[in-house]
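This report describes selected residues, their surroundings and the pairing of side chains. The sequence and structure are shown first.

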Amino acid sequence: MTEKFRLTEPSGRIGHAELDFAGATVMVSEEYPEYGIQSPTTIGGTSVAIHLHVDDCDAALAHAVECGATLVRAPQDHFYGERGGTVRDPFGHEWVIGHEIEKLTPEEMQRRYTAMMT
């Protein structure tokens, strides 16, 4: 991930930042309660997790932590054919970062999910 640019108010509040994830751009900002934009910290949690596929989730998660994110769930292999973990950015947003470890059909994922849940 690289930061493409940011727009910062004189007070220091980030009004707009663009992050590049291997050619995919994600745009973020700080909280703007005057426009109804509240941070996960204000609402006491997040209603959305951003799921990002990368080439190497272990390296991406480590980089996120180096840049100020908090590790929520360490990387591990999952039943749906992905290795992944979760970080919380400094603004409270959760990012699930993973990479594919095996190709599975939806039917096989369902079989594994059902087995795990019973």
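## Cysteines

Cys57 is buried, because its relative accessible area is 0% (buried means under 20% relative accessible area, exposed over 50% and partly exposed in between, with a 1.4 Å probe and protein chains only). Cys67, by contrast, counts as partly exposed at 48% relative accessibility.

The structure holds zero disulfides, a disulfide being a pair of cysteine sulfur atoms within 2.5 Å. Cys57 is in no disulfide, and the nearest cysteine sulfur, that of Cys67, is 16 Å away. For Cys67 the closest cysteine sulfur is in Cys57, and this distance of 16 Å is too far for a bond.

## Basis of the model

The model is predicted: local features need pLDDT of at least 70, side-chain atom pairs count only at pLDDT 80 or more, and totals for chains, interfaces and linings use all residues. Residues are numbered from 1 along each chain as its sequence is written, and side-chain values use heavy atoms, with hydrogens and water left out.

## Aromatic rings

Four aromatic pairs are found in a search of the whole structure; rings of Phe, Tyr and Trp (its six-membered ring) pair if their centres lie within 6.5 Å, and planes under 30 degrees apart count as stacked, over 60 as edge-to-face and the rest as tilted. The pair of Tyr32 and Tyr35 is tilted, because the ring centres are 6.2 Å apart and the planes stand at 35 degrees. Tyr32 counts as buried at 10% relative accessibility, whereas Tyr35 counts as exposed at 64%.

Arg13 lies over the face of Tyr32, at 3.6 Å from the ring centre (a charge sits over a ring if NZ of Lys or CZ of Arg is within 6 Å of the ring centre and within 35 degrees of the ring normal). Elsewhere, ring pairs link Phe79, Tyr80 and Tyr113 into a cluster.

Glu94 is in strand S7, residues 94–100 (strands are DSSP runs of E, at least two residues, numbered from the N terminus). Glu94 is buried, with a relative accessible area of 14%. A polar contact of 2.7 Å joins the side chains of Glu94 and Arg88; the term denotes a pair of N or O atoms within 3.5 Å, where within protein one must be able to donate a hydrogen and the other to accept it, and residues adjacent in sequence count only if both atoms are side-chain atoms.

Phe5 belongs to strand S1, residues 2–8, and counts as partly exposed at 35% relative accessibility. Beyond its neighbours within four places in sequence, Phe5 is in contact (heavy atoms within 4.5 Å) with His16, Ala17 and Glu18.

Conventions
Helix = DSSP H or I, 4+ residues; strand = E, 2+ residues; numbered from the N terminus.
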